[in-house]
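User: Could you walk me through some of the aromatic rings in this one?
Analyst: Gladly, let us look at it together.

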Number of protein chains: 4
Amino acid sequence: MKALVLERKHELALREITIDEPLGPNDVRIAIHTVGICGSDVHYYTHGRIGPFVVEEPMVLGHEAAGTVEEVGSTVTTLRPGDRVCMEPGIPDPQGRATRLGLYNLDPAVRFWATPPVHGVLRPSVVHPAAFTFKLPDTVSFAEGAMVEPLAVGMHAARKARIRPGDTAVVLGAGPIGLLTALAALAGGCARVFISDPVAEKRALAERLGPITGIDPAAEPVGEVVRAATEGWGADIVFEASGNPRAAAGALDPLCPGGVLVLVGMPLEPIAFDVVAAQVKEARVETVFRYAHVYPSALALLGSGRLDVKPLITETWAFDRSVEAFEKAADPAPTSVKAQICLA
Amino acid sequence: MKALVLERKHELALREITIDEPLGPNDVRIAIHTVGICGSDVHYYTHGRIGPFVVEEPMVLGHEAAGTVEEVGSTVTTLRPGDRVCMEPGIPDPQGRATRLGLYNLDPAVRFWATPPVHGVLRPSVVHPAAFTFKLPDTVSFAEGAMVEPLAVGMHAARKARIRPGDTAVVLGAGPIGLLTALAALAGGCARVFISDPVAEKRALAERLGPITGIDPAAEPVGEVVRAATEGWGADIVFEASGNPRAAAGALDPLCPGGVLVLVGMPLEPIAFDVVAAQVKEARVETVFRYAHVYPSALALLGSGRLDVKPLITETWAFDRSVEAFEKAADPAPTSVKAQICLA
Amino acid sequence: MKALVLERKHELALREITIDEPLGPNDVRIAIHTVGICGSDVHYYTHGRIGPFVVEEPMVLGHEAAGTVEEVGSTVTTLRPGDRVCMEPGIPDPQGRATRLGLYNLDPAVRFWATPPVHGVLRPSVVHPAAFTFKLPDTVSFAEGAMVEPLAVGMHAARKARIRPGDTAVVLGAGPIGLLTALAALAGGCARVFISDPVAEKRALAERLGPITGIDPAAEPVGEVVRAATEGWGADIVFEASGNPRAAAGALDPLCPGGVLVLVGMPLEPIAFDVVAAQVKEARVETVFRYAHVYPSALALLGSGRLDVKPLITETWAFDRSVEAFEKAADPAPTSVKAQICLA
Amino acid sequence: MKALVLERKHELALREITIDEPLGPNDVRIAIHTVGICGSDVHYYTHGRIGPFVVEEPMVLGHEAAGTVEEVGSTVTTLRPGDRVCMEPGIPDPQGRATRLGLYNLDPAVRFWATPPVHGVLRPSVVHPAAFTFKLPDTVSFAEGAMVEPLAVGMHAARKARIRPGDTAVVLGAGPIGLLTALAALAGGCARVFISDPVAEKRALAERLGPITGIDPAAEPVGEVVRAATEGWGADIVFEASGNPRAAAGALDPLCPGGVLVLVGMPLEPIAFDVVAAQVKEARVETVFRYAHVYPSALALLGSGRLDVKPLITETWAFDRSVEAFEKAADPAPTSVKAQICLA
């Protein structure tokens, strides 16, 4: 079949590839409809590696996907051909200790799409376990379905925060994950969100999405703005979604006594963490790694209209222009929030 | 001052009364603007008692109130004359063990408006601790402010449920508390709510408030409807808000494995609780008594527009027609959701 | 092989039986050493059924077992022949939704030893998944290993209670599960336990196990005793382990404000649950069904000596006297706490 | 009265001082019996300050105290003259927002004994709120009562960890707080504790206190030892109690997936925190500041014998030798764990 293959660093090709994927009894075969481009896809393209994961063989890119079930394995009862679906890209080892505890995202043996040496899904079809394939509600499009993967990160962060209805949250960073975290925080019970980002356009977009107030951290300290808006108390929750070590180091400042800091972004180096500053507030710090068990929840919110990701889908490319789409996405100052490739 | 006084069972008078309330250093004096009529106010009017609380002396009614600060005590820094506010009606003993733990709603020594022998606030002004007086956001009206008290019950129930974003909830009973609980559940992160009530008008009103689906329990078992809508899994949360012992006994049926049942309604007699049915799901059961620490959260949600109580305010009466308002509210089949009395 | 077979109600035989159990790649074969007799084994013997589970074919009894690994499947790396082990008797469907969430004890498709039609382990050997087979610490005997199954119920109850160090607990019922729950509560952080049982011998045994105080509920109300010992506040936790509907209905009385009631016992009929009595304390009610993820924890406590089950092992029978052991265990007023059968 | 007064840095005097302390209605007057010497007392003596708290006026030292009630205020019902008690040294503002939430240890207006400008209790008597004065069980000595203050730090850390029965914990640092945290962790449900400290004597003392295994971090990486002992999984909980920035930076290494790191020690500078290392385990990080609500729990554990602090009380000094006791305690390589001064 024809797939978008990363041959090696800086070299992409839309070409034929043979992938042998037998349909197991618990699997389904899915015709891919829409795939979002993630920063990690772009990073493999531009750098050929992410940390210990190195592209040593040609690899199909893409892991944010939605499509239609074509065929189901012999024991599958929850899905039928024709079902519109989206998929979790990681398949854990069911025998792993973390998996059995329900923490399957922490399984070290997980096989994750478009993470070497596992192929991604910028290709016409894929075989996947039914257990990690989720039906789209009728009101949710394929494009929205393909947004569930990045949204799941924000959902997982919101779940870890243990939001109480009416909480105030701060999100540091208004990139795609920051914006989706802000939306998940509001859908998950926050009354309002402050979002900090030095780029005015990102703040402006964020403010159109709901009761979200942008803060320019270069112009005014985030903590001061938040305290001024909360009678000096601070925010119940801070989500660090910038991955910037300096922003992360300052993440405790806007927090209220007894508040929670959720570390979503992945800084490339250790951050300076002021233990005593955390202690005088008895801050709780939660960390997230991908997500687990949140696809059905994300789809329920999209389906009922309590959360809307459509404003973040800013570009749609035809499959045969995939290489061009990646070249544009690799621009160091991207103007797009989320670009998607449509295979249907 | 002129107040709505319950002289004794069945006898209400709008008349002069003298209440001696010195302004302590931590208190504020508030001019009352709007007071909602609660079922408990009506019950004192029609029965002269609620459980152990008996009306033995004339008592001013009303505890769902909003108004304007007129004067502040010597140590008060958080409020100023002119501030628009709403108030928690219960004042706990700060020395009580439950209060010190933060569980002030469980303090047995609490003094609660319009609970004998404590006067309520259907009167021009009241002195109240600043710590239990909360500023209204600019976008929140006095009428909405007076809704915070019953909304707080739903908010507290939603908090106890520990909603995870995207959960499905069932609310049993579509009276005022059931409706407010449904709104709190949605604002608190639920993707959708099923509400069960035998009265078609109540279900119809509920369905206009958001992604809420009415169920007529006389026509179809609640559990069956919910399982059909959740691939057989059940609802993450059931809020029992009917106070009906039979409904409460059936509350476990729609629940999913590992789900939570929140008992909000107060049945007059013990319910039949099927322990084994709860165990095979490992249901968690939470119980709520009034509320604690949720006024700021409720006001934040009203202020940012994430929760809207205005459709539930169905009648507004002038203060001099208070007796008439109560007579109408005492109708055994009320057509109104929430009636309020305006003193301004 | 020779096994203890329940032919039908009231008819036990120690006789040859053929059980075809191939060793799968994730399995181990275990030589059984010791098996405890559980009330459910006895109940199948005396009644031929428990609820919907009916003995329709001859069935081997026994599910509280310890033994030695004889052979391991091709992918098993965590166990080796010669390892001394104990086993969880229930094998869930790994594809089930509850299992994937980590709630495998709630999987409706679970296959559980000595629950019709699944054979138990009063026989020389069994094949079992490695994932549900746990190495005994060197300091833990086979007899103690065979106690882990009933202890796991108490451990799971203690975990659900979310004990805070120094809490006070009440256990209703001093049968084997009540005693093991009391030990788990102490090992899990409680400072002291009150145990209520009408039988003086059981209370006396309990009091020898640690800082446990017996209460005769026929002589003095449990709540009064507990309040007198806690400055009127009540117990942080009540474990209902009697299964007696009347005891369960009174379980809220000894509880403190904000406390938790854990329902461990399985009453045969719904209990009268006083919702308002629970609400004025905002009691949390947890329910337990068997256990999940606690075998390693139980073994760690036994291994380090923080929990000692040896005083509860009151009888040991040779395998060839198994029928006699069951006849004695079926005595309506058993004098033994835990009888075990030794096959080695 | 005669008190141990820190005149200024390096200058201690046992001399007469006048402290005007009227007995308020909610207060008790206590005759001081035993006072422990804390590192912070010594630090004020040797440095004249701790962070922003500077000794500018003569100040009585001591805040770990037990004694006997001499007189009670007019509203006090929970204590009587003659009661043996210990006291929380911090008095929060009951009107503060954190206090009302139950987080009184986070109240910025707290008045804390022997923290400038508040006098400590190395003096014959003190007036204190009854709400922060706790009766000693009959089996608990004054010396043990004076240990409750530092034990409370460990208790609070153990509570924040949310130990599940049978967990494995690691404590970094075997100073007094590390040792008390290890004891609290065991009493709070841990099956075993690993304690890391470079000083062999401290490790040896720790190992005599229970199922505690010492690790010399200079000889072997803590993480490796712990993984070897846990089948490669890691510890459920790590308590950082050394305050050493380098030890704190390595605290994630021994942790299991889904584990919790509790930061108890207070490093003088920010630590290098590896966010990604925390994320791949989804570590939860809890921070503690002093303690709240744990004195009754600590006393319950001491009273029932589930926790024994006596082995840590290594020196007792008469009051008139207080200056000498402090000089010895100020030795940079102290041989004592806890020195106490007896005033009775």
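Analyst: To begin with chain A, Arg84(A) lies over the face of Phe142(A), at 4.8 Å from the ring centre; please keep in mind that this is a predicted model.
User: And what lies over the face of Phe112(D)?
Analyst: That is Arg290(D), which is placed at 3.8 Å from the ring centre.
User: Ok, now rings with rings: how many aromatic pairs are there over all chains?
Analyst: A search of the whole structure gives 18 aromatic pairs. One of the pairs is formed by Tyr45(A) and Phe326(A), whose ring centres are 6.3 Å apart and whose planes stand at 85 degrees, which is over 60 degrees, so the pair counts as edge-to-face.
User: Where do those two sit in the chain?
Analyst: Tyr45(A) belongs to helix H1 (residues 39-47) of chain A and Phe326(A) to helix H11 of chain A, so the pair ties together parts that lie 281 residues apart in sequence.
User: Are they buried or exposed?
Analyst: Tyr45(A) and Phe326(A) are both buried.
User: Which chains does the Phe273(B) and Phe273(C) pair join?
Analyst: Phe273(B) lies in strand E18 of chain B and Phe273(C) in strand E18 of chain C, so this pair joins those two chains. The pair is tilted, with 5.4 Å from centre to centre and 35 degrees between the planes.

Methods. Residues numbered from 1 in each chain as written. Chains lettered and ligands numbered in written order. Predicted model: local features only at pLDDT ≥ 70, side-chain atom pairs only at ≥ 80, totals over all residues. Heavy atoms only, no water. Phe/Tyr/Trp six-rings, centres within 6.5 Å; stacked < 30°, edge-to-face > 60°. Helix = DSSP H or I, 4+ residues; strand = E, 2+ residues; numbered from the N terminus. Buried < 20%, exposed > 50% of the residue type's maximum accessible area, 1.4 Å probe, protein only. Lys NZ or Arg CZ within 6 Å of the ring centre and 35° of its normal.
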